[in-house]
Amino acid sequence: MSVLVFAESQSGQFKKAAFEAVTYGHKTAQVLGMDCIALCLGDAGNAGELGQYGASKVLSVSDASLNSFDSQAYTKVIAQAAEKTGAKVVVLMHSSTGKGLVGRLAARLNAGSAPGVNQLPTNNGAFRVKKNVFSGKAIAEVELKSDIKVISVMGNSFQPEKVGSDAAVEGLAVDVPASKITVKSVNKVQGSVPLPEAEVVVSAGRGMKGPENWGIIEELAELIGAATACSRPVADTHWRPHHEHVGQTGVAIRPNLYFAIGISGAIQHLAGVNSSKVIVVINKDPEAPFFKAADYGVCADLFDVVPRLIEAFKKHKANA
Ligand SMILES: Cc1cc2nc3c(=O)[nH]c(=O)nc-3n(C[C@H](O)[C@H](O)[C@H](O)COP(=O)(O)OP(=O)(O)OC[C@H]3O[C@@H](n4cnc5c(N)ncnc54)[C@H](O)[C@@H]3O)c2cc1C
């Protein structure tokens, strides 16, 4: 019996969330007294690396048709891997890929599913996991009663932990179905730090007044190695690209540090960012709802505060 973790990779590289998922799978396997096995699809680069995070073995299906995500093909391949390894728990990342797989895979394996879990399961006779619900306003405890369970792990809920050395990588013989779609091209967002993986995020809203003023946000972000983000109306009015939109209808993030600059803190925005470890709010309105969610708040004009912050960080860097 095993815990099978699907570790996503892109162009031969694992994302941080893949190491988080393997760490979660390893700890779950320890709780349940099972083996943790990692699975890679397509070009996974140095797949043995997953052993460092607790996978006792890495299975690889290196068929080139799996280099691009196809939920039907991935579901069939992961389901076969689960059957061959006797998996009782299948762990996915709660990424756009994982979200696209969790329901399909559960249906195929006749499994109960819990998307977006953020705690380890209990092992007191019942398999229970916790996840945020109602835009992060409440925590649900979900019991999965099926023989096989499919769960996806919320990003940044578990820090990757190195517990061992590289694992052996074995090819896994499965039927890879012919894909019904062809990915013609992938246009990657250019930028130093991908938003879902960023440890620090500098985010700004309508308080910026217009796209021409974003220079100070970009400068601050670059200075501290942060990704940039924005509120929904900012993306809707094309001040910033849509991939920067965070919140209920945008990207959900959990960075260690989130700067909210000129953002009111509407519930729909908070839904995507309120799991950030530390939140710094800069807003000139003392009644702005974001202050209630803030760890640090600066009630002042952003056009005064942000340039001063930039100067302070520059000075700090020069003296470091
Ligand atoms: C179904 C639904 C889904 C939604 N999903 C999302 C979502 O995913 N993400 C999202 O962000 N929104 C979402 N929204 C919209 C959300 O309700 C808010 O309207 C939006 O978040 C407001 O954006 P904002 O804070 O940038 O703008 P505003 O509400 O206009 O706030 C601007 C803030 O800037 C401050 N400000 C202005 N000038 C300055 C200055 N010079 N210095 C300092 N502060 C200043 C103001 O005090 C104000 O608090 C959704 C809405 C609906 C109905």
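**Strand pairing, domains and ligand shell in a predicted model**

Q: In this predicted model, how many bridges join strand β4 to strand β5, and which residue is the bridge partner of Ala 38?
A: Strand β4 covers residues 35–41 and strand β5 covers residues 57–61. The two strands run parallel and are joined by 5 bridges. Within this pairing, the partner of Ala 38 in β5 is Val 58.

Q: Which residue of β11 is the bridge partner of Ser 60?
A: Besides its pairing with β4, β5 pairs with strand β11, residues 169–171, in the parallel sense. This pairing extends over 3 bridges. In β11, the partner of Ser 60 is Gly 171.

Q: In the hairpin of β8 and β9, which residue takes a positive phi?
A: Strand β8 (residues 127–133) and strand β9 (residues 138–144) pair in the antiparallel sense over 7 bridges. One of the facing pairs sets Asn 132 opposite Ile 139 in β9. Between the strands of the hairpin there are 4 residues, and the positive phi, near 50°, belongs to Phe 134.

Q: How far apart do the C-alpha centres of domain 1 and domain 2 lie?
A: The domain assignment of the chain places residues 2–171 in domain 1 and residues 195–319 in domain 2. Their contact takes 7 residues from domain 1 and 8 residues from domain 2. By class, the side of domain 1 that touches domain 2 has 1 nonpolar, 4 polar and 2 charged residues. The C-alpha centres of the two domains are separated by 31 Å.

Q: Why is one side of β13 and of β16 left without a neighbour in the sheet, and which position do these strands take?
A: The open sheet has 5 strands with parallel pairing, in the order β13-β12-β14-β15-β16. β13 (227–230) and β16 (296–299) each have a single partner strand, so one side of each lacks a neighbour in the sheet; both stand at the edges. From one strand to the next, the twist averages 15°.

Q: What is the handedness of the crossover from β14 to β15?
A: Strand β14, residues 257–261, runs parallel to β15 and is joined to it by 5 bridges. In this pairing Ile 261 stands opposite Ile 282 in β15. The chain passes from β14 through α6 to β15, and this β-α-β crossover is right-handed.

Q: Which residue of β16 is the bridge partner of Val 280?
A: Strand β15 spans residues 278–283 and is joined to β16 by 4 bridges, with the strands running parallel. Val 281 stands opposite Gly 297 in β16. For Val 280, the partner in β16 is Tyr 296.

Q: Which elements give two or more residues to the shell around the ligand?
A: The ligand is surrounded by 26 residues, and the closest are Gly 205, Gly 207, Ser 231, Gly 247 and Gln 268. The elements that each give two or more residues to this shell are α5 (232–236), α6 (267–273), β15 and α8 (302–319).

Q: How many residues of the shell around the ligand are nonpolar, polar and charged?
A: The shell consists of 26 residues, with Gln 268 among the closest. Sorted by class, they comprise 8 nonpolar, 13 polar and 5 charged residues.

Technical notes
Residues are numbered from 1 along each chain as its sequence is written. This is a predicted model: local features need pLDDT of at least 70, side-chain atom pairs count only at pLDDT 80 or more; totals for chains, interfaces and linings use all residues. Two strands pair if DSSP finds at least two bridges between them. Axes are lines fitted to C-alpha atoms, for helices over the stretch in contact, and angles run from 0 to 180 degrees between N-to-C directions. A residue is near a molecule or strand if its C-beta atom, placed from the backbone, lies within 6 Å of it. Ala, Val, Leu, Ile, Met, Phe, Trp, Tyr, Cys and Pro count as nonpolar, Asp, Glu, Lys and Arg as charged, and the others, Gly among them, as polar. Domain bounds come from an automatic or database domain assignment. Two residues are in contact if their C-beta atoms, placed from the backbone, lie within 7 Å. A crossover is right-handed if, with the strands pointing away from the viewer, the path from the first strand over the helix to the second runs clockwise.
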